[in-house]
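Please look over the sequence and the model before reading on. The account below goes from the whole chain to single residues.

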Amino acid sequence: MEQALNYGSYSAYKQTVSELTESLAQLKEYSEEIGLEHAAKSIGETIEKIANEHFEVAIVGEFKRGKSTLINALLGQEVLPADVLPATATLNRVTYSETPYVMVEYKSGESERVDINQLENYVTKLSYESEKTAETVKQATVYYDTAFCKNNVDIIDTPGLNDDEQMTNVTLSILPEIDAAVFVISANSPFSQFEKEFLEKRMLTSDMGRIIFAVNCFGTFSKEDEDRIVETVEKRIGSYVMEKAKMVMGEDSKEFAVYKRKIGKPKVIGVYAKKALMAKESGDSAMLAESNFPTFEKALETMLTQERGAITLQILANKIISSGSELINSIIIRENSLMMETDEFMEKYSAAIDEIDEIRTKKRAEFVRINDAANKVFEGLQPILDSYWVQIEETAMKVIDDYPMGADDLKKDKLKIVYNKLTERIKENIENKAQLICEQIQNKINVALSDEAERLQSFEDEFFASVTRIQEMFSVNSKRSRRNGGVVDQIIGVAIGTVGAGGLFIGIREAGIKGALLGGAAGFAGFYATFYAAFSLATVLGIAAGPVVLCIAAVAGLAGTFAGKFSVDKLLVQERIDKYKASFKQSVKKQFHEMKISSDFTETVRQQVFASFQGLKAKIENETEIILMDTQKTLDNLNQLKTDKKTTSENEKEKLRNIAEYTGELLAETYNLHKVLTDNME
């Protein structure tokens, strides 16, 4: 598996995943052979989950920045419609298929398969008819035979930001769910006001670690100007991102220090997408190099494989280590038990069952502590929750106070304009405030969750120590082992030679592999400030990643209910600005009061907190019970064998030797991979 240590390219990553999956499949087969049915089932679930996994990359940006052209350049051929006018009107997904076709999903829930040549009639604004059709479409999935998507990468073409508010919200809604995003900026007008505000106010802080900024239409400037444009964009984005992170995390917090170190400077790359597409279609390698597109493609590849993909590899490696070690442990217990006298075995069998019961008792106590931690987090958030509506209202009042008005604005024909502008400005500011608050809340949840995962390391140590004690209960002296053909000595020798100690969990502990029960989640503590840590916790614990749930509740709730509830006619009777603003404030306060009564943001936060900590409990419960139930079943089966006075045949001994040898070597190789992954993420 030496070549598997290189996972910086799509091919190397796929090869590593394939090898690890094959190893897991072999461990599943061995586990079934010796009766570890729970371990085998868990391994099968992991294999199935990984088999269905693929990368998702969203291409986002303002309309007419060349997003569709950039996608076509990635694909190496003209697949998506592109035009000088705003073209994309729906979400378009490109995925791999040897047979090209399009599956159109309508908002009504129906779907239709159409010819790929008809795509623009369903997803663009290039004609009145196509625009009307696009309004009924939820998503179009383009199945196409492209080398890029063959690497298990799906590309999502999004409608232009700032082209249509509804479609902008559609684009925003998918960002927390994808693995990486490419934000396309025009070199001709780098950083519009909308792009500035989008990064400052609309992008989540946790998104920034997985975004590449592509400055498009290079090749029309001198090299000196291109370098200057990239440098300017880098500085601006870096400034916006860090200022937002300070507000979310606190400038003096340890998580901000980690975030600053991990995010570093933004990934900004200048490209000429149209030239890259032309070069790929004509096979002109010199032109392709001039477009700087290979640099961009390599950066994207690295982000997906070495950063996002490393989480998948970590999960696979941990599963091999835990499952393989359990396999060796079971063999050792089995062989030693069969060499014991029946009375000696029954005494140790009874002690082992008591030890298992004691482990479960400790686990129940640990779950109480996890519940207490969740309650403590929620209580700590109470001041923020109590002040939520106060802050929202204060934000709105400040907008009204600061809104510039003159005598002309009080004229009847102007008041309607003033009203609309004030309402829109209030809406924008309270949405931004709500998002900031929910990001601060989610950050506190992430910090607490990471700390709790670290704290659970002590329980994990106790758990593995208990399982090791069960193994040691069934140890036999070397004379009896030699009389039995030496199989136990050989098995223990394999374990000692590969992972550093005899038997299952001693090896894991002494090898320094943390977080085995949590699938490696504890190993990401201190790394939670970036997207990938939040994603990893969600992946291994099965919980929602990032503040998307809270933001939907807080921000979308405000957007959907605030507006159109003021009495304009009543306000028209006001003749002075201060009276006008006072009346406006009163109307806004009344609406906030109604919104507060009709929504329960506090309950949404409570559910998010306890769902996150429930993920910790569920993972520990599942992983410990796999080991405990299989251990108990092994002991019960041995009890029956002892009663029936059965022994191990030479063929069975040989089979166990082969299983132990294979598993021991696999553990050593996988530990090397685990170490590389861990070192790269520090």
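This is a predicted model: local features need pLDDT of at least 70, side-chain atom pairs count only at pLDDT 80 or more; totals for chains, interfaces and linings use all residues.

Residues are numbered from 1 along each chain as its sequence is written, and side-chain values use heavy atoms, with hydrogens and water left out.

The chain has 25 helices and 9 strands; helices (H or I, at least four residues) and strands (E, at least two) are DSSP runs, numbered from the N terminus. Of its 682 residues, 55% count as buried. Buried means under 20% relative accessible area, exposed means over 50%, and partly exposed lies in between (1.4 Å probe, protein chains only). Among contacts with a separation of 6 or more, 81% join residues 24 or more positions apart, where contact means heavy atoms within 4.5 Å.

Now take helix α13 (residues 342-386) and helix α15 (residues 412-455). Their axes are 11 Å apart and the packing angle is about 155°. Axes are lines fitted to C-alpha atoms, for helices over the stretch in contact, and angles run from 0 to 180 degrees between N-to-C directions. α13 and α15 are therefore roughly antiparallel, since angles over 145 degrees count as such, those under 35 as roughly parallel, those from 65 to 115 as roughly perpendicular and the rest as oblique. On α13 the contact is made by Glu366, Arg369, Ile370, Ala373, Val377, Leu381, Ile384 and Leu385, and on α15 by Ile437, Ile441, Lys444, Ile445, Ala448, Glu452 and Arg455. By class this contact has 10 nonpolar, no polar and 5 charged residues; Ala, Val, Leu, Ile, Met, Phe, Trp, Tyr, Cys and Pro count as nonpolar, Asp, Glu, Lys and Arg as charged, and the others, Gly among them, as polar.

How many disulfides does a search of the whole structure find? The search finds 0, a disulfide being a pair of cysteine sulfur atoms within 2.5 Å. Cys149 is buried at 2% relative accessible area, and Cys438 is buried at 0%.

Pro81 sits between α3 (67-75) and β2 (91-96) and is buried, at 14%. Its C-alpha is 9.8 Å from that of Asn121, 40 residues away in sequence. Asn152, in the loop between β5 (137-144) and β6 (153-157), has a positive phi near 65° and is partly exposed at 39%. Asn292, in the loop between α11 (285-290) and α12 (293-339), also has a positive phi near 65° and is partly exposed at 28%.
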